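Biologist: Can you walk me through this model? I'd like to start with confidence and then go into the details.

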Amino acid sequence: MQLPDINDTIAAQATPPGAGAIAVIRLSGPRAFAAAASFLSPAPKAPVHAAARMLSVHDGGRLVDKVVALFFHGPASYTGQDTVEISCHGSPYIIRTIMNLAVRAGARPAGPGEFTLRAFLAGKLDLAQAEGVAELISAGSAGAHLAAITQVEGSLSQKVRAAKAGLVGLLSELEARLDDSYEEIPALRLKDFSRRAAAARKVIAGLAGSFEAGRGIREGCKVVIAGAPNAGKSSLLNALLGRDRAMVSPEAGTTRDTLEDSLEIDGFSVLFTDTAGLNARAASRLEREGMRRTAAAIARADAVILVRDGSIRGTASDALAQKETAAMAPGARLIRVLAKADLPLRRKPVAGELPVSAKTGTGLPRLTAALIAGQKKIFKDGAQAVVTSARHFAALSEAAQELGKLQELLARKDPPAELAAERLRAALADLGGILGETTPEEVLAGIFSSFCVGK
Amino acid sequence: MADFNYPAAFDVIVIGGGHAGCEAALASARLGASTLLLTQDLDTLAQMSCNPSIGGVGKGQLVREVDALGGQMGRAADASALSSQTLNTSKGAAVRSPRAQCDKKMYQAAMKLAVERAPGLLAVQDEAAEILTRAGRACGVRTARGTRYAAGAVVVTAGTFMRGLIHIGLDTFRGGRYNHPPSDLLSKSLRGLGFRLGRLKTGTPMRLLARGIDFTRCERQAPNSPPVPFSHFTGKITNPQLPCWITRTSARTAEVIRGALHNSPLYSGKINSTGPRYCPSIEDKVVKFPHHGAHHLFLEPEGFNTDEYYVNGLSTSLPEATQLEIVRSVPGLEKAEIVRAGYAIEYDYSDPAQLDYTLQTRVLPGLFMAGQVNGTTGYEEAAAQGLIAGANAALLAQGKELIVLRRDEAYIGVMIDDLVSKGVDEPYRMFTSRAEYRLLLRADNADLRLAPRALALGLLPKNLEKSFTAYRAAVDALLAGKKPKALPRGPWKLAAARFTAATEKTYAMYIERSRKEAERLKKFEHLRIPEDFDYAAARALPNEARHKLQRHRPGTLAQAGRVPGVTPADVQLLWVLLEKRRRGTV
């Protein structure tokens, strides 16, 4: 049964997923104030109803963001419960960090429609609005993105279904022996059983592990634009966005800090980070700090656009930039761009390097296509199951944990079958959060198809 | 046929005197309702038509629950036990189950006497022919002899008798059990009232005479020593205990069966109705599990005063000549004689999705159904339903609130919930796998779970209250690590308290989680869906869910979630609609 508890504290991003200038994270439930106070400073002791406060979010002493927090005392709130709304900057990283902090403080990531459901139960919505819960339950975002996510989740549920079938098989073997009144069924082949249980755990843990990749799909692909000073990174960003987001000048080092903005390409969200140029002869402390941030951004990126100025010969800074990309996360993609293609070419492109002109637009379509190629591939072949929802992630992680405990039980001398079954049942119940309940009938079907059970 | 109106009205009439009927009538009478039990034959009250045993894995827990609710089955089994066994002793306490081979005649005699001596209960030999109604409610029964009995509520426990048809080979004849006439009139009456009836099939093996069995070639299965009673109300089992015997089919057995399948009513297409998967006929086993070289057979004595043996594992409806060949292909049975042939029986059952969770039918208020007529199989399943239906019929007649047991309270709750929420497509048998709270629903704690309710209702006599309260206090003390006080004289003993406390401790971690889960779900168990909820108008629900819910009409939100094909999202939405309705905004 997957009816949500309405008496615990939930947290979720209230604004649409993907990048926006401002995002709102909402907490609702009896522990909403306490949870928010655990990461907001100065910690609001007795928050005034509906008054906005400017506060800081800290994660282990590190400043994450300056936010505006609104506290609503139930029942005078959207959900009728104590509610905190935190407006932060729309960076997926910040959003994610705040969500993590809320969860660490005891909130649970809300399922789709849960805030609306609570609002409805508190008598805050009318029927038409409440019926919208049905759509909220099935829908995430809109358009191509939704279709894509649906497909990814479809292939996820296929994988989960396969894993579940394996668990039902294992459980049937235990249950058949527990329910065998005449003790006719030969004893369990423990070694083989343990091996299969371990394999199932691995698959499920692997799916849970894909959450990182899935987050990229939900929140957008993070693309870092890096290169030597004055290579044309900011101009490229502005050209990609179609508006002047970054300040540009012919002077090297105009961009001192990282700068973020997002773009929707074919329904896929791409989040760009423009970075300070990597200068081999960095002089000022400020410049070195900028470069440190660039390196950090590269390490977090899903893809890095390495920009070289095609109108000049190679420099020591180009070599440094090339070296810095080694810090890219495994699996992240490197896209090479030879900028300023409108000017006479002064160096030889390396293999795969795209000539692009921010001025004339040459090469931009090819670049944008290359940026979303990775995401598109995930959706198209459908072979790659990716977990995109925190709820599914939690369910899979818990199932993997139960199966870990099952393995501990199986390692005992005389493994207690009814307890091993209990672990498998719990793991199946967790997977039920994704696929719906496992009924005893499924298990019995497993028993009867493989065992000849007497009266 | 002379019509005769019986001069007094009863509170409750129970139709049928099998395992469901006897428990129903006794429970009704215990609650102080004047009760009539109608049976075709008083000599076959509580007859064990198939195997000579009570209990088993899952079933033994049901018997313990019946006992905790003041029922008779455990006591009758103890009085007639000839071979007591605790199953799953090598496994944990949660799945340990009692079973006893019983002397069939002694079992019947014990039950018949209990029925005869129950104050307020009258058992009469006559066949129920028609359910009488007034203003859309059941109000009595007309019998085949033409007597009309009036009642406040009626319980149907027709077993396999409604339009029963027996098959041996390709021969068929009408009967509710071998040599007992079927009950065709009742089936017709129910159809006329608008009940949806279907057909199910079950079977029984042949019986052999001891004289032809070479026991030296069989493995001896020793009974428990000392025998362990089912009931806390049985001081001690005093009957001598007999062994059972184990042998197995041979390659020749499979050969004989495969050669005779064209004469099998199951495989020639003569029987289309579904039989139980878990109690397959030997022809089914051979066909479906060809890789199993041999199948175990258990030779079980049918009583102390008979030499008949029941051949557990050889249920069949093949022709008699083939049955003899099969028997004689088994080591130890080469010279055995069949004294009763095995057979299959097809019968009408009433779709249990037409019931509510009290076992009252939705089709006709005041009419309850229990036992095999609801699509179950097994004496224990029947008895447990009988007890609930009988008690609820009495409570209804008395204008009191009916009882419903939850899935986390009792196997009985699991069974009734399954029947009502899901219906059946084969005869339903209890398994511990069906219980999601298996570690909570144990044989050892049945009294702790259910006796308080039985005492409050009057199913258990008030004078037991002191003994039970002390028993419960002893378990609590032991759980808290304290020394329990000595118990007053009564059925509950300190040894049982110690066993339960020790078991609870072993399972503590798991039980805690189960309890929390049950607690969480309980909220939804209490969210009732009104009888008249209009699913057709709930257009926010997807089509499939709407149809399924319309058909099963779950009584609570939690039950809605268990209807196959209904997703968690559907339930969430249904909840919204219910809340809205409750708040009067629809």
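Modeller: First a term: pLDDT is the predictor's confidence in each residue, from 0 to 100. This is a predicted model, where local features need pLDDT of at least 70 and side-chain atom pairs count only at pLDDT 80 or more, while totals for chains, interfaces and linings use all residues. Residues are numbered from 1 along each chain as its sequence is written, chains are lettered from A and ligands numbered from 1 in the order in which they are written, and side-chain values use heavy atoms, with hydrogens and water left out.

Biologist: Fine. What does chain B average in pLDDT?

Modeller: Chain B averages 92, and 96% of the residues score at least 70.

Biologist: And chain A?

Modeller: Chain A averages a pLDDT of 79, with 77% of the residues at 70 or above.

Biologist: Where in chain A is confidence lowest, and where is it highest?

Modeller: Lowest is helix α4 (residues 127–138), at a mean of 42. Highest is helix α1 (residues 32–37), at 93. Helices here are DSSP runs of H or I with at least four residues, strands are runs of E with at least two, and both are numbered from the N terminus.

Biologist: Over which residues does pLDDT stay under 50?

Modeller: Residues 127–145 of chain A. The model has 27 contacts for them beyond four places in sequence. Contact means heavy atoms within 4.5 Å.

Biologist: How many helices and strands in chain A?

Modeller: Chain A has 14 helices and 13 strands. It has 455 residues, and 52% of them count as buried. Buried means under 20% relative accessible area, exposed means over 50%, and partly exposed is in between, with a 1.4 Å probe and protein chains only.

Biologist: What share of chain A contacts join residues at least 24 apart?

Modeller: 66%, among contacts between residues at least 6 apart in sequence.

Biologist: Switch to cores. Which residues touch the most other members of the largest nonpolar core?

Modeller: B:I54, B:I131 and B:L367, in a core of 114 residues. Helix α9 (residues 379–397) of chain B gives the largest share of this core, 11 residues. Apart from it lies another core, of 43 residues, including A:L156 and B:A518. A nonpolar core is a set of buried Ala, Val, Leu, Ile, Met, Phe, Trp, Tyr and Cys residues joined through side-chain atoms within 4.5 Å.

Biologist: What is B:I131 in contact with?

Modeller: Beyond four places in sequence, its partners include B:I15, B:V154, B:L186, B:L364 and B:L367.

Biologist: Back to α9(B). At what angle do the axes of α9(B) and α10(B) cross?

Modeller: Roughly 85°, and the axes come within 10 Å. Helix α10 of chain B covers residues 411–422. Axes are lines fitted to C-alpha atoms, for helices over the stretch in contact, and angles run from 0 to 180 degrees between N-to-C directions. The two helices, α9(B) and α10(B), are therefore roughly perpendicular. Angles under 35 degrees count as roughly parallel, over 145 as roughly antiparallel, 65 to 115 as roughly perpendicular and the rest as oblique.

Biologist: Which residues make the contact?

Modeller: B:E381, B:A384, B:Q385 and B:I388 of α9(B), with B:I412, B:M415, B:I416 and B:L419 of α10(B).

Biologist: What about phi at B:N88?

Modeller: Positive, about 60°, although B:N88 is not a glycine. B:N88 lies in the loop between β5 (81–87) and β6 (97–102) of chain B.

Biologist: Is B:N88 buried or exposed?

Modeller: Buried, because its relative accessibility is 0%. B:A135 has a positive phi too, near 50°. B:A135 counts as exposed, because its relative accessibility is 77%.

Biologist: Last one. Where is A:A231?

Modeller: In the loop between β8 (221–227) and α8 (233–241) of chain A. A:A231 counts as buried, at 2% relative accessibility. Beyond four places in sequence, A:A231 touches A:V307, A:R308, A:D309, A:A339 and A:K340.
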